[in-house]
Amino acid sequence: MAKAGRQGSRASVWMADAGRRGGRRGGQPSGLDRERITAATVRLLDAEGLAGFSMRRLAAELNVTAMSVYWYVDTKDELLELALDAVFGELRHPGPEAGGDWRAQLRTLTAENRALLVRHPWLAPLLGTYLNIGPHALAFSRAVQAVMRGSGLPEHRLTGAISAVFQFVNGYGTVEGRFLARAADVGRSPDEYFADSVDAATEVPDTGGVVGEAQEIMTARGGGTVAEMLDRDFEFALDVLIAGIEAMVARD
């Protein structure tokens, strides 16, 4: 990226000059393009996370020199922005089966967003760090806005409702993804890791009552596995949010 004050960087790769958007510069090495570099970046981030990602590691994955990658991107930040938008291209938007029911359409979008965060645990830290105004992210934003307009909320309420729903989804998917990643790191299944955590908590002084109450709540809720519990909680929380939107529409 072009430097600002020799230290900072351009606010976003998507603010680059039109001629740089395709990543084509005269004299660049053959056999590479931005799409291939971005795909390799996503694979590395999935495998090793943000902490394990570097331009040198990426170059080794592509079997090129690090300088060859710099013909297409100026900084690591540019690559992370490109990877961020690339995975947003995986999101499935509501299809004809949802009809004109904004609730069903919203459920599709939230389920897709949650699954994306779980599938790519490195994604959450990048949200808010970068502007996330690439073409795939903007397409998702347009779909969300169109669905939320279908709820009947007035224009000045739309951004608040979108924030309520998708800040919830981002938080839920982030915690779920980290939980699953941690279970994998310690060599336990999600159910085993959850059971280990409950057992450990009951051994801490003065926590027996809290853990017991929590177990009663979980029993009442149902769901024998971690996946079932996570799905039920997510779906009910979304029901609460949808009911709130409906109540606001009726009040307005």
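The largest cavity in this predicted model has a volume of about 30 Å³, a cavity being a set of points on a 1 Å grid over the protein atoms alone where a 1.4 Å probe fits but cannot get out. Its lining, meaning residues with an atom within 4 Å of a point, consists of Leu117, Pro121, Ala124, Gly173, Thr174, Gly177 and Arg178.

Local features need pLDDT of at least 70 and side-chain atom pairs count only at pLDDT 80 or more, while totals for chains, interfaces and linings use all residues. Residues are numbered from 1 along each chain as its sequence is written, and side-chain values use heavy atoms, with hydrogens and water left out.

The largest pocket, an open set with protein on both sides within 12 Å along at least five of seven lines, is lined by 19 residues, of which Phe140, Ser141, Ile162, Phe166 and Asn170 lie nearest its centre. The elements giving two or more residues to this lining are α7 (135–149) and α8 (155–185), helices here being DSSP runs (H or I) of at least four residues.

| Space | Volume | Share of lining from α8 |
|---|---|---|
| Largest cavity | about 30 Å³ | four residues, the largest share |
| Largest pocket | about 520 Å³ | eight residues, the largest share |

Volumes are the space filled by probe spheres set on the grid points, which are joined across faces, edges and corners.

Elsewhere, Ile133 is found in the loop between α6 (123–126) and α7. Because its relative accessibility is 32%, Ile133 counts as partly exposed, a class that lies between buried (under 20% relative accessible area) and exposed (over 50%), with a 1.4 Å probe and protein chains only.
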